Amino acid sequence: MNTIELHKNIYDKLPRFISQAPGRVNIIGEHTDYNGGYALPVAIDRYIQVALSPRKDPLIRVYSGNFQKYGEFTTRELERTEDDELWLRYVKGTLWVLEDIGIPLYGADLTILGNVPTGAGLSSSAALTVSLLLLFLTYAEVKYEKKLIPIYAQRVENEYIGVNCGLMDQTISLFGKKDNALFIDFKNLGFSYVPFKLKDTALLVFDTKAKRTLASSAYNKRRSECEEGLAILNRCLNKDYRYLGEVEKEEFFSCRDGLPPLIRNRVKHVIGENERVIKVVDLLKRGDIGGVGELLFKTHESLAHLYEVSSFELDTAVDLAREFGVIGARMTGAGFGGCTINLLDREKVDEFKSYIVPRYREKTGLTPSVYEVEVSDGAHIL
Ligand code: GLA
């Protein structure tokens with residue numbers, strides 16, 4: 001059943017608006033967004049849609065097709081309560097941010113339906129918040145600045161849900177473009193498109209199905225370790241950089257002995273990763289997919305050993321992919337579980353799946369899901 005049919009079944013009326021926002025995979029540039037660095041994500045052909053019918057009263061009724069659950073509240077009771085389930089919190093939290101920035105809110109009947117796997121590190125929550133923001137801004141008939149939407153979506157996560165994420169997922173979910181990767185500079189949130197049409201190469205997602213335990217607290221810990229590194233470097237350099245992404249490689253080398261080993265590793269990852277993003281942009285422009293693949297492997301190494309956000313399952317998936325002979329593979333997103341991405345010849349996709357699935361299952365006891373994704377457009381009203 002599609003979103004319109006589901007909406008009609010639940011509320012016995014057709015929606016007035018439907019918004020759609022995609023999930024993402026990040027090609028390269030991991031744990032750089034909150035460090036004022038670079039990233040190169042793509043939007044994928046997995047979406048969350050939200051359908052809306054207006055109401056005359058301030059009631060918000062919402063049905064989640066994925067969770068098969070229903071919730072309701074009014075536009076006057078947006079404060080966070082501990083009883084709300086997470087998916088409903090995202091809906092309330094989005095309205096809470098909209099109210100805070102002065103957008104008039106009206107009642108609505110909503111249906112949410114999507115095919116971005118939840119909790120797999122493909123940014124289903126960014127897709128949901130971006131989709132809801134676009135929908136309610138359209139419904140309110142107000143003028144808005146599109147580039148502020150990712151910032152509102154991040155506020156939902158940071159201030160309402162309590163996840164201290166950066167801006168990458170929201171930015172790509174909104175600004176993604178078919179057959180293009182988005183090169184983002186997080187120092188100033190500027191971005192440009194880099195053609196990413198791979199012709200004979202497939203982009204495969206490998207979902208490890210490993211639970212992302214402690215992901216949020218470990219993520220916050222990495223953020224504070226980076227802040228600590230920045231403070232030490234600023235003192236050593238007598239500078240006032242706002243982000244690690246502003247520190248030059250030579251400056252890092254001149255101060256590296258003053259950094260505790262663990263912090264040094266974190267900083268080294270960020271500096272190396274930013275360099276790799278620039279290289280990958282260049283390689284893509286030259287059509288050198290082999291070169292891109294090598295850098296994906298390097299990023300995985302760096303995330304596993306310097307930044308320490310990989311896991312046994314992610315490493316196993318990347319090792320097996322390398323053994324098979326893919327062009328490149330690495331964990332994508334925050335880490336601690338979730339997915340890897342794999343670049344490989346289109347004609348070898350089936351052979352790859354038959355190779356990797358049983359071996360991965362044998363080593364981890366988990367049955368992964370492996371599927372090809374297409375690079376797709378960002379959020380819009382359908
Ligand atoms: C998560 C966060 C992003 C980013 C990545 C790591 O996806 O939501 O902001 O920090 O992890 O690159």
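Two strands are taken to pair if DSSP finds at least two bridges between them. Helices (H or I, at least four residues) and strands (E, at least two) are themselves DSSP runs, numbered from the N terminus. By that rule S2 and S7 are paired: two bridges join these strands, which run antiparallel. The structure is a predicted model, in which local features need pLDDT of at least 70 and side-chain atom pairs count only at pLDDT 80 or more, while totals for chains, interfaces and linings use all residues. Residues are numbered from 1 along each chain as its sequence is written, and side-chain values use heavy atoms, with hydrogens and water left out.

A second open sheet has six strands in the order S5-S4-S6-S3-S1-S13, and its pairing is mixed. Its edges are S5 (69-74) and S13 (380-381), each of which pairs on one side only. S4 (residues 59-64) runs antiparallel to S5, with six bridges between them; Tyr63 has Tyr70 of S5 as its bridge partner. As a general point, side chains in a regular strand alternate between the two faces of the sheet.

Salt bridges come next, each being a side-chain nitrogen of Lys or Arg within 4 Å of a carboxyl oxygen of Asp or Glu. The count comes to 26 salt bridges. One of them joins Lys13 to Asp109, with the closest N and O atoms 2.9 Å apart. Lys13 sits in the loop between helix H1 (3-11) and S1, and Asp109 in strand S6 (residues 108-114), so this pair ties together parts that are 96 residues apart in sequence.

Seen as a whole, the protein chain is divided into domain 1 (3-196) and domain 2 (201-229 + 265-372), with bounds that come from an automatic or database domain assignment. The centres of the two domains, taken over C-alpha atoms, are separated by 25 Å. Their contact (heavy atoms within 4.5 Å) takes 30 residues from domain 1 and 34 residues from domain 2. The buried area, meaning the accessible area (1.4 Å probe) that two parts lose on being put together, summed over both, is about 2700 Å² between these domains, and carbon and sulfur atoms give 65% of it. Ile28, Glu30 and His31 supply 24% of the area that domain 1 buries against domain 2, more than any other three residues.

Glu30 also takes part in a salt bridge with Arg330, whose closest N and O atoms are 2.8 Å apart. Between domain 1 and domain 2 the count is one salt bridge. There are also 14 residue pairs in polar contact between the domains, both residues being at pLDDT 80 or more. A polar contact is a pair of N or O atoms within 3.5 Å; within protein, one must be able to donate a hydrogen and the other to accept it, and residues adjacent in sequence count only if both atoms are side-chain atoms. On the side of domain 1 that touches domain 2, S1 (17-26), S2 (38-39), S3 (41-54) and S8 each supply at least two residues.
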